[in-house]
Every structure is written in structure tokens, then in C-alpha cells.
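Here is a short report on side-chain packing and aromatic contacts. The sequence and model come first.

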Amino acid sequence: MTKKSRIAQFKGTGAPIQLVEISVPELKEGEILVKNEYTTLCRSDLNTFSGKRKEKTPTILGHEIAGKIEAFGPGTSQQDARNKQLKIGDRITWTIYASNPETKLAKQGIPQKAPGLFKYGHEQVTPLNNLHGGLSDYTILRANTAIAKIRKKVPLQITSIINCAVATVAGSLRLAGEIEGKNILISGAGMLGIIACAMCKTEGAKNIIALDINPPRLENAKKFGANVTVLSSNDIQYEISREANIECIDVTLDFSGVAKIMEQTLELLTFGGIAVWVGATHPQRDLHISAEKIIRNLWIIKGLHNYNEQDFIKAVTFIENHYTNFPFTTLVHDKFTLSQVNEAFDYALIQNPFRTGIQIK
């Protein structure tokens with residue numbers, strides 16, 4: 001008997017997501033069938049749903065996913081990215097993309113931009129290409145997807161955020177370089193900023209300064225390692241100095257995506273300081289920055305979109321080692337099932353929690 005799967009099909013902004021049933025196709029070489037267990041709604045999902053971001057439709061949204069292996073396609077490797085043996089029933093997470101590791105960009109450490117890239121939760125549903133999003137009963141993992149087996153004692157809602165939020169933060173810290181003993185300024189105390197506080201804490205940062213416009217989020221940042229919190233103002237430097245008497249910033253990590261904040265925090269860097277910009281993944285005005293200052297102050301500006309396999313592995317290991325050290329479960333509103341997908345999106349957009357979780361039952 002052919003296996004069936006519900007999919008939450010998104011057809012465009014303004015139209016409700018519809019649950020439809022399709023047949024699970026036969027697995028091809030290198031593929032793995034996963035029974036989805038849990039999906040969280042990332043900000044990019046919300047932006048697509050609300051029309052701020054455009055995707056080919058119909059599509060199955062959701063890329064922050066956790067699930068269990070149900071079947072292996074012919075010739076599929078049964079080793080994960082950490083060289084652990086995979087078997088039916090294992091709980092796993094995986095990269096949000098699949099790409100050919102033999103391409104030039106992949107060999108340069110940028111597989112997320114390689115030619116022929118396939119992205120879970122972002123692909124168009126066609127008769128020959130489906131079951132590629134988290135808002136469905138099943139996902140088919142394509143060849144060249146990095147997979148990690150996860151300890152089942154890690155709560156599902158935490159496992160789900162690994163392959164987007166946590167892995168992206170891991171990538172930002174890779175670009176930032178050495179964290180130990182440094183003063184780190186983190187702009188934006190949303191999901192990525194909160195995780196960045198926790199990761200910088202475990203890596204021995206001297207000071208972790210969280211910057212945001214939302215006082216409750218700043219208070220929450222303290223639970224994840226921030227020892228200084230600053231409410232956004234016209235004079236961030238004065239506020240930081242007043243709050244903590246910190247005169248130099250070694251690294252800025254921007255998850256806010258706000259042009260004015262990126263301009264202001266760049267000015268706070270010490271000589272040779274590094275700015276890593278992650279949040280500005282949407283259209284906005286050009287930045288006004290001084291090339292002369294960048295040159296004379298030896299500043300380094302790096303951009304990050306998504307992450308590579310090294311970052312993914314670091315994210316998995318971080319969560320397994322530290323999920324009990326910080327209150328990660330409090331970041332996910334855990335109340336919806338797949339049949340309530342429209343209610344989940346409405347809640348996420350109106351209430352704006354760090355993440356809204358959907359149990360796939």
C-alpha cells in the first residue's frame with residue numbers, strides 16, 4: 001500500500017494554507033525518508049507567509065525540523081556528518097540545504113551558495129519534487145544533505161532550531177574568530193541574538209553586551225549569558241559606557257538587520273575589530289559608512305548567509321552539551337499541531353514569540 005503524507009501547501013500571501021494529502025514517492029539513490037516530528041516557524045517563514053519575502057509557489061514552508069528516519073533509499077550512506085551510524089528510528093536533524101560537495105564554492109567552504117543548491121522549506125511543489133518542507137508528515141532528504149543523529153533526551157523543540165538558528169550563529173562566531181577574553185556586542189536580542197549570547201558565554205567572552213529596542217528581550221538575554229544590556233538609543237556608545245564602562249568593542253555580531261544599528265555599532269569597534277553582519281536579509285537602504293575609517297582603523301566587515309557543514313556540526317554539539325545550561329525551551333511557544341498551521345502563523349505574527357512550534361502528529 002502506498003504511504004500517504006499530509007502537506008501544508010502555501011499558495012501565496014492572503015490565501016490560507018491548505019492541508020492536502022499526497023503519495024510518498026519511491027526513494028531514489030542517496031535519499032532518506034524522515035517522519036517529521038516537530039517544526040518551528042523561522043522568521044523567513046513568517047516573511048514569506050506575510051508577503052515580505054517571495055518564494056515560488058506552491059511550496060511547503062518550514063526548514064527548522066526534527067524527525068526520525070523511516071527508510072533509506074538504495075545506496076544511501078548510513079553514516080552521519082559526525083561519522084555516527086544511522087539506523088531506522090534515529091532522531092536526526094539536517095542542513096537546510098543540499099549541494100554538491102565537489103563544486104568550487106563547496107570546496108571553498110561555501111556550500112550554501114553552490115550551483116544547483118536545494119533548500120528545504122523553500123522549494124516549489126511539483127509532481128516530481130515534493131516532501132521538502134517541515135510542515136508535512138514526511139521529508140525526503142536529498143543526496144548531499146549533511147545529517148546529524150541527535151540524542152533523544154534533547155527536547156524536540158530545541159532540536160528543531162539547531163539547523164537554522166543555532167547553525168547560523170555558529171557560522172557567525174566562526175567568522176568572528178577568537179571569542180575568549182573579548183568584548184562582544186550582539187545587536188538584536190531575538191532568537192539568533194539570544195543563542196549568540198549563550199555561545200559566546202560558553203566560549204569565554206570577557207563581556208557580552210546585548211543591544212535591542214525591547215526591554216523584556218534584554219532581560220531575557222541575561223539568562224543566556226549577557227552581562228550587559230543596552231536599550232537602543234541615538235548614542236549607543238554613551239549607553240554602553242554608562243552601563244558597563246567598556247570603552248572598546250572587539251567584535252560586533254549584528255542580527256538586527258537595521259541599517260542605522262549596523263552603522264552605529266561599526267563605529268564602536270577597536271582597531272582591528274571585526275563586524276559580522278547576519279540580519280540584513282531583506283531590502284533596505286544603503287549603509288552610510290566611511291571607507292577612510294575602515295582603512296585607518298583596520299576594521300574587518302564580514303557577511304554571513306546560512307552556514308556550512310562545519311557550522312552545522314558545531315551547532316549540534318553545542319546544543320547536546322549545553323541544552324540544560326540555558327532555558328532554551330522557553331524560547332519556543334509549543335502549542336500547535338499540523339492541523340492548526342494557520343492558527344500557528346497567526347499567533348507567530350501577532351504575538352511575535354522567539355519561535356512558534358508545531359508538533360507533527
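## Helix α6 and its neighbours

The buried residues of α6 pack against β11 (183-187), β12 (207-212), β13 (228-231) and α7 (259-266). Contact here means heavy atoms within 4.5 Å. Helices (H or I, at least four residues) and strands (E, at least two) are DSSP runs, numbered from the N terminus.

Helix α6 spans residues 236-244, and its buried residues are Ile236, Glu239 and Ile240. They lie on the same side of α6, because they cover an arc of only 100° around the axis. That arc is taken from the directions from the helix axis to the C-beta atoms. Buried means under 20% relative accessible area, exposed over 50%, partly exposed in between (1.4 Å probe, protein chains only). Asparagine 245 follows α6 and has a positive phi, near 55°.

## Basis of the model

This is a predicted model: local features need pLDDT of at least 70, side-chain atom pairs count only at pLDDT 80 or more, and totals for chains, interfaces and linings use all residues. Residues are numbered from 1 along each chain as its sequence is written, and side-chain values use heavy atoms, with hydrogens and water left out.

## Aromatic pairs

The whole structure holds 9 aromatic pairs. Rings of Phe, Tyr and Trp (its six-membered ring) pair if their centres lie within 6.5 Å; planes under 30 degrees apart count as stacked, over 60 as edge-to-face and the rest as tilted.

Phenylalanine 118 and tyrosine 120 pair edge-to-face, 5.2 Å centre to centre with 75° between the planes. Phenylalanine 118 is buried at 12% relative accessibility. Tyrosine 120 is buried too, at 0%. Phe224, Phe318, Phe326 and Phe328 form one aromatic cluster.

## Charges over rings

Arginine 217 places its charged end over the ring of phenylalanine 354, 4.3 Å from the centre. Lysine 35 lies over the face of tyrosine 138, 5.9 Å from the ring centre. The criterion is NZ of Lys or CZ of Arg within 6 Å of the ring centre and within 35 degrees of the ring normal.
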